[in-house]
Amino acid sequence: MYTRLLAVTRRFGCALGVGLSSLALGGCFYANTSQAPIATTYPYTEQQRMQAAHHWEVLARHEAGQILQRERVRFRDLHIQDPTPEGYVAYSGGEFDRGFRTLLTSELVTRGASVTTVPTSNSAEVVIGVEVVEHRDRSFVRPPVGAFTALAAGVAVATIPINRWSEPALGLIPAAMAADVTSGSWTYTGNEEIIVTTQVIDGERILYSSSNIYYINKGDRRQYAPQRVYTPVEPSVPLTNTW
């Protein structure tokens with residue numbers, strides 16, 4: 001009896017020693033310095049994806065409401081600037097550039113704003129800018145919250161009928177129902193984003209500025225990025241009718 005008690009005491013002492021050593025080593029890990037910062041993550045956030053013209057309308061509605069809430073802008077004439085850069089004869093922007101300007105015009109007029117087709121002495125310019133961002137070297141991006149749990153639950157449910165139900169395929173029904181409920185809020189992250197900036201400018205003063213960031217589908221990049229710019233072509237050789 002004494003020998004067995006002594007053995008148990010020794011084992012407990014060894015386990016306690018190993019535990020204390022692990023804690024000490026963990027403390028040393030954080031106490032020591034590092035040659036470079038240790039990578040960490042940002043708090044969990046969400047970012048929407050634009051993949052329908054209706055989403056452009058939602059943004060236009062939001063921007064129109066925000067613009068007309070500004071006291072310095074509410075009673076001014078507004079002119080939505082033509083995207084054609086000065087000095088160019090033609091400019092081919094993406095579908096978003098044309099569609100969003102049209103939708104924003106409609107939303108402003110619907111809310112009673114004074115929108116002019118040409119600049120006036122009292123008008124402020126509404127300027128819309130779109131920046132397409134392509135990430136070329138992204139590392140691992142964590143899946144949506146609950147993805148691993150849902151997958152694990154689906155696997156667990158699928159194994160139930162193996163031992164209990166006569167038809168194994170029936171075991172997939174609960175997992176499919178859970179996927180139908182939750183999958184609508186999931187989408188892949190992707191490498192393409194856009195920054196949409198809407199500003200109201202009066203001379204050298206910026207009266208309003210708002211920027212919004214969205215994911216976009218890779219195949220939709222051309223909808224947001226300018227495609228072609230035509231510039232006036234000057235003849236390199238002077239033309240004459242004399243020899």
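Helix α4 covers residues 95-110, 16 residues in all. At 1.5 Å a residue (times one less than the number of residues), α4 should span 22 Å, and its end C-alpha atoms are 22 Å apart, so the two agree. This is a predicted model: local features need pLDDT of at least 70, side-chain atom pairs count only at pLDDT 80 or more, and totals for chains, interfaces and linings use all residues. Residues are numbered from 1 along each chain as its sequence is written, and side-chain values use heavy atoms, without hydrogens and water. Helices (H or I, at least four residues) and strands (E, at least two) are DSSP runs, numbered from the N terminus.

Buried means under 20% relative accessible area, exposed over 50%, partly exposed in between (1.4 Å probe, protein chains only).

| Residues of α4 | State |
|---|---|
| F96, D97, F100, L104, E107, L108 | buried |
| T102, T110 | exposed, on the other side |

After α4 comes G112, with a positive phi near 90°.

Helix α2 (residues 53-68) meets α4: their axes come within 8 Å and cross at roughly 45°. Axes are lines fitted to C-alpha atoms, for helices over the stretch in contact, and angles run from 0 to 180 degrees between N-to-C directions. Contact (heavy atoms within 4.5 Å) involves, among others, W56 and L68 of α2 and F100 and L104 of α4.

Elsewhere, I206 lies in strand β7 (residues 205-216). At 49% relative accessibility, I206 is partly exposed.
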